[in-house]
Amino acid sequence: METENTYKNEIASFLGCDSNQLFLFWKGRVGLYTALKACGVRKGDEVIVQAFTCVVVPNSIIYTGAAPIYVDIERHSFNASFEDIEEKVTDKTKVIITQNTYGLSSSVKRISEYCAENGIICIEDCTHGFGGMHDGKSNGSYADFAFYSTQWNKPFSTGIGGILRVNNLKYLPEIQELERSAITPTTREKHMLNALIKARRYFLNDISYWLLLKLYRQLTAWKIVVGSSSPEEIEAPEIPEAFLKKGCNTQHREGIRSLKRLAVVLKRRKANALAISAFLKSHGKTYVSSDLQANHSFLIYPILVTNRAEFMNLAENAGLPMGDWFVSPLHPVTANFNLWGLNCEDFPVATKISSQIINIPLDRKSLKKYFGFLDANQHFIL
Ligand SMILES: *Cc1c(COP(=O)(O)O)cnc(C)c1O
């Protein structure tokens, strides 16, 4: 309890909110699910969400019985198009989810104002956005709820983990009730997570990145270790057993540790993002506009390439860490989109971008190594 409170206080002071607004869960998606349940979202309701997200987001919507209604993204910000949102709203729309893709804040102020005017609940998917600001306030300040993820590759990590922030305090009793009904992680899960956190701390570097990534994915697929997503979650939107799960002390302790370094890491990410933008600009390539960067916090840097498979292979051979968020409008799903009620053809921007995107991690102290590689392979870059 004490560790949990310390962790909540640290998060609250970083975000500039009160610690009683914060709830800790096993994963970020559980925070989203809890928010949807607390609002009474159920069968017959519609929840608007962008195509170009992680599949666990529509999963949580479908678990409540509601239908995800997708909107396309803007090419320059990778976030939902406001015009498309307005077009898709019906009298069944209960919630609009807005996402900070790569840490680039969405138009959350505008969207949450629109929601308030139309009696719709707004939830901010801040899984990439912890530590960034939007119009003078921390990401996650404007919507009725925001959820953050502390999974491996998110802004700061507790291995896996999630935070729900409740801004509309009228929902506090429902959230508290749901939190009471949540189960606790098993001893095995806690030990496993602890071991993975240690392994990552001691073994992860540029050279081992690709090897460990492959090993982790394989062990997860075999269900030998606790993964970010279980194989079922990617196969079909059916609620897994024991889904509504609380956070545990292993996560809280690691969270406290990792938050201590976050200010330094954020600064480095920002400087690295600016350097990549300058590089891409000087080579006449697509880069993220600086007005989007001003108050935002990059998590990873998006680059569009012509032949992703080939480009990723080259990066792997050169030993450079590189990510592939998102390989489809519902990452990492690549087939049977109809199970999630999505027809990719209706979302041309999201579909196209998800075939061209790669992401560069921004945590490294020196990015020089990347530039040599990018320069040598610039014929792939759009
Ligand atoms: C990672 C991610 C999530 C889910 O976070 P978890 O903590 O893994 O549940 C949700 N939305 C987006 C956009 C993500 O990238």
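Let's begin with strand β11, which is covered on both faces: I300, P302 and L304 on one side and Y301 and I303 on the other are all buried. Here, buried means under 20% relative accessible area, while exposed is over 50% and partly exposed is in between, using a 1.4 Å probe and protein chains only. Why two sets of residues? In a regular strand the side chains alternate between the two faces of the sheet. Because 5 of the 5 residues of β11 (residues 300-304) are buried, the strand is largely enclosed by the rest of the structure. Strands are DSSP runs of E with at least two residues, numbered from the N terminus.

A quick note before moving on: this is a predicted model, where local features need pLDDT of at least 70, side-chain atom pairs count only at pLDDT 80 or more, and totals for chains, interfaces and linings use all residues. Residues are numbered from 1 along each chain as its sequence is written, and side-chain values use heavy atoms, leaving out hydrogens and water.

So who sits beside β11? It pairs with β13 (residues 357-361) in the antiparallel sense over 5 bridges; pairing takes at least two DSSP bridges. I300, for one, has P361 as its bridge partner in β13.

Next, hop to T158, in the loop between β9 (145-149) and β10 (162-166). With a relative accessible area of 1%, T158 is buried. Its side chain makes a polar contact of 2.7 Å with that of T150, meaning a pair of N or O atoms within 3.5 Å; within protein, one must be able to donate a hydrogen and the other to accept it, and residues adjacent in sequence count only if both atoms are side-chain atoms.

Key:
Helix = DSSP H or I, 4+ residues; strand = E, 2+ residues; numbered from the N terminus.
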